[in-house]
Amino acid sequence: MTTKVLFEKTKVLTDVPFHYCPGCGHGIVHRLVAEVIEEMGLAPTTIGVAPVGCAVFAYDYFNVDMFEAAHGRAPAVATGIKRVQPDKCVFTYQGDGDLASIGTAEIVHAAHRGEKITTIFINNAIYGMTGGQMAPTTLVGQKTTTSPKGRDKDWSGSPIRVAEMLATIEGSAYIERCAVNSNANIIRTKKAIRKAFETQMAGKGFSLIEILSPCPTNWGQSPVEAMKWLEDNMIPYYPLGVMKEV
Amino acid sequence: MLQEIIFAGFGGQGVLLMGQILSLGALEQGNEVSWLPSYGPEMRGGTANCSVVISDTPIGSPLVLKPNAAVVMNQPSMEKFEDAITPGGVMLVNSSIIPLKAHREDITTHYVPCNAIAEELGNAKVANVVMLGAYIGATGAVSFDAVMAAIRAKFAGKKAALIEINEKALRAGMDAVK
Amino acid sequence: MAKKLMKGCEAIAEAAVQAGCRCYFGYPITPQTDIPEYLSARMPEVGGVFVQAESEIAAANMVYGAAGAGARVMTSSSSPGISLKQEALSTIAGAELPCVVLNVMRGGPGIGGIAPSQGDYYQATRGGGHGDYRQIVLAPASVQEAADIMYGSFALADKYRMIVMVLADGFIGQMMEPVDLPMGATPEVEKPWAATGWTPESDRPRAVINSLYIKEPDLTKLHERFAARYAEIEANEVRYEAYQLEDAEFVIYAYGTMARICKSAIAILANEGIKVGMVRPITLWPFPTKAVYEAAALDSVKSTLTVEISAGQMFDDVRIGVNGVKPTEFLGYAGSKIPTVDEIVAKIKSMKGVE
């Protein structure tokens, strides 16, 4: 009997089982990033930086040299790495608490300097690891453990649109927002991630892919409901598409 | 030998540079030397000063609180430092812009119209070097040749054209306290 | 080579370049801005990296990245900026990375002042950031010594995979003195742990530069490594200057520029027939505890005086060292008020019981 390999997991992920919740988007995005790195032949020269947040253990999953950064500082750490090893492929993987709250200065200035790094930014509109607190990306009216009556615009402001903001900065070279709520969008996300890494390796400047991603656990929904909630609530506020390409 | 000098004046009078040239000269003639500026907001348009210590032996405190010589380029500096000078010390006063006379009788005071002398030489900017000449003339702490070597080093390259006027200024300052 | 008259900050920066440092991340703050100014011009000349970061926080995290990637790297700042760097320094300590940090101390707390101070002794010698860790702390007392210490710091950091902090006061940074610059790169060590790109075929394990040890006993093991390393450093790296201790009636303990001011007082007292010696710690951690004790224990010594530009921080370590063998007295002020030569002379005289 002959056997045929129909699917093989990318070698750029280790065999360590993910700790993510059922229905979480992180697992999908990890695989997309790893597949792109493998397909582009970048694995031997790639150095990744993990955040503080749900993806804190990303250094156990990506099968390349990895750093774990202090909360929000991944773009600064990546700057240090890239500046001493300019021929390497350097990426950060960050959530919305890490990137859009405590690490806003670092991400804005990495873009501002035009650092030739790639950032994978997971926007799930909530703090996951600490158990569902309000994030800068939490939608108005969305209930979290620190906005129990729903986010109040007058009290806490309106959610921040990171991709649009960074696209205004001269040093950014490729910025796109994607989502992982459907097969079609997942395929688009992978293409965007590849484009971002190509931008980095061409030395064009800073690249970031913002990915809308479900968090069923902290949204208090089933995985299927979460996919729908993302489509109905997040995408209207956070439109998908290329924000910047040079 | 232990010379502890304070150079003081307005920012822009070349006070810090005066101290640096003297320090370089002292190094040139083989002494131990330290130069310590006042720094920070007071440098921006206010008064500036620096401490210079010249010695035959390793220098202890680089901070001078009781100088045996003070070079005062403006009135606030004279008011601030005259009383600090050790008995038997020397004060050099920029008499072009300071109308005061010293009240201390236990120090030697030289009045040097360094701005006027510099203008006579054709370059008002060398008033500080005139004063430096007066200082070495009055104290003999550093030789004329050593200070000239320092000036040559400081003005090497693009500024070499300024060496001649600075030499004249240094000599005129020495003559002013003869 | 003939000695050159150089400003402390510039001599320190050039010594770092001479030692093989090719990487600087920083942020302007008085009184050490001459360092980034100097290196912004110098690093490109030697093919090095200079980045003016958006904040002290970012600069120190860039140091973390560069150190983990195997570079000889430094940052510098002054007191309030050093506080901001502590997050990354704690991370660097936890990840066992080598780097060099210069603190040109000014008065605090808060924004404080910009005049020289020694108020950051506790912060430097007790870790600085959170967690139970040490860093090697070196305190120069002259521009020459500052250059020599900076030059040697990179090899020291590499050897122990630790932060070396050069703790200078504002005098050292701003002062000009003649310097003989050390030349030639100091020996580099292999860094097989650095993140430089990896495949399963590489002859080293995959690098994970990390300060997260969430599964016990990993964190306990880290601290066991620390303890062994710290013991080795305490045995091998203690440095101090013993000054005129023979027949001394009093011993002064002081470091940095304060020790220079004390030397001027010691000379005046010697002229009046009062013999005073001094122990000047050069390594503040590891602290020269034994030398401090031995000086105090000398038969000729009646009592000791610690002098600092602080409310008495090193004084704690001195008291541990002297351990009650002789009386310990203190002269110093918090902030930036500097004990003067006259005050030191008067204090010793009062300890002797003479006018």
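Reader: How many salt bridges are there over all chains?
Author: Please keep in mind that this is a predicted model. Over all chains, the count comes to 41 salt bridges.

Reader: Which side chain does Arg229(C) meet in a salt bridge?
Author: Its partner is Glu96(C), with 2.6 Å from N to O. Arg229(C) belongs to helix 8 (residues 218-236) of chain C, while Glu96(C) sits in the loop between helix 4 (79-94) and strand 5 (99-105) of that chain, so the pair ties together parts that are 133 residues apart in sequence.

Reader: And are Arg229(C) and Glu96(C) buried or exposed?
Author: Both Arg229(C) and Glu96(C) are buried.

Reader: What about Asp317(C), which residue does its side chain meet in a salt bridge?
Author: The side chain of Asp317(C) meets that of Arg126(C), at 2.9 Å from N to O. Asp317(C) is part of helix 11 (residues 314-322) of chain C, and Arg126(C) is in the loop between helix 5 (121-125) and strand 6 (136-138) of chain C, so this pair ties together parts that are 191 residues apart in sequence.

Reader: Why does Asp317(C) count as buried?
Author: The relative accessibility of Asp317(C) is 8%, and buried means under 20%. Arg126(C), at 39%, counts as partly exposed.

Reader: How far apart are the closest N and O atoms of Glu294(C) and Lys290(C)?
Author: They are 3.4 Å apart, and the two residues form a salt bridge. Glu294(C) and Lys290(C) are both in helix 10 (residues 289-297) of chain C, and because they are 4 residues apart there, about one helical turn separates them. Glu294(C) is partly exposed, with a relative accessible area of 39%, whereas Lys290(C) counts as exposed at 61% relative accessibility.

Reader: Which residues are joined into one network by salt bridges that share partners?
Author: In chain A, Arg31(A), Glu35(A), Glu39(A) and Lys190(A) are joined in this way.

Reader: Changing topic, what volume does the largest pocket have?
Author: Its volume is about 1,100 Å³. The lining of this pocket consists of 42 residues, and those nearest its centre are Pro58(B), Ile59(B), Gly60(B), Ser61(B) and Ser264(C).

Reader: Which element gives the largest share of that lining?
Author: Helix 9 of chain C does, with 9 residues. Other elements also give two or more residues to the lining, including strand 1 (2-10) of chain B and helix 12 (341-352) of chain C.

Reader: How do the lining residues divide into nonpolar, polar and charged?
Author: There are 19 nonpolar, 11 polar and 12 charged residues in the lining of the largest pocket.

Reader: Which residues line the largest cavity?
Author: Among them are Ala93(C), Arg134(C), Phe226(C) and Tyr230(C). Arg229(C), which meets Glu96(C) in a salt bridge, also lines this cavity. Helix 8 of chain C gives the largest share of the lining, 3 residues.

Reader: What is the make-up of that cavity lining by class?
Author: The lining of the largest cavity has 5 nonpolar and 3 charged residues, and no polar ones.

Note on methods:
Residues are numbered from 1 along each chain as its sequence is written. Chains are lettered from A and ligands numbered from 1 in the order in which they are written. This is a predicted model: local features need pLDDT of at least 70, side-chain atom pairs count only at pLDDT 80 or more; totals for chains, interfaces and linings use all residues. Side-chain values use heavy atoms; hydrogens and water are left out. A salt bridge is a side-chain nitrogen of Lys or Arg within 4 Å of a carboxyl oxygen of Asp or Glu. Buried means under 20% relative accessible area, exposed over 50%, partly exposed in between (1.4 Å probe, protein chains only). On a 1 Å grid over the protein atoms alone, a cavity is a set of points where a 1.4 Å probe fits but cannot get out, and a pocket is an open set with protein on both sides within 12 Å along at least five of seven lines; lining residues have an atom within 4 Å of a point. Grid points are joined across faces, edges and corners, and a volume is the space filled by probe spheres set on the points. Ala, Val, Leu, Ile, Met, Phe, Trp, Tyr, Cys and Pro count as nonpolar, Asp, Glu, Lys and Arg as charged, and the others, Gly among them, as polar.
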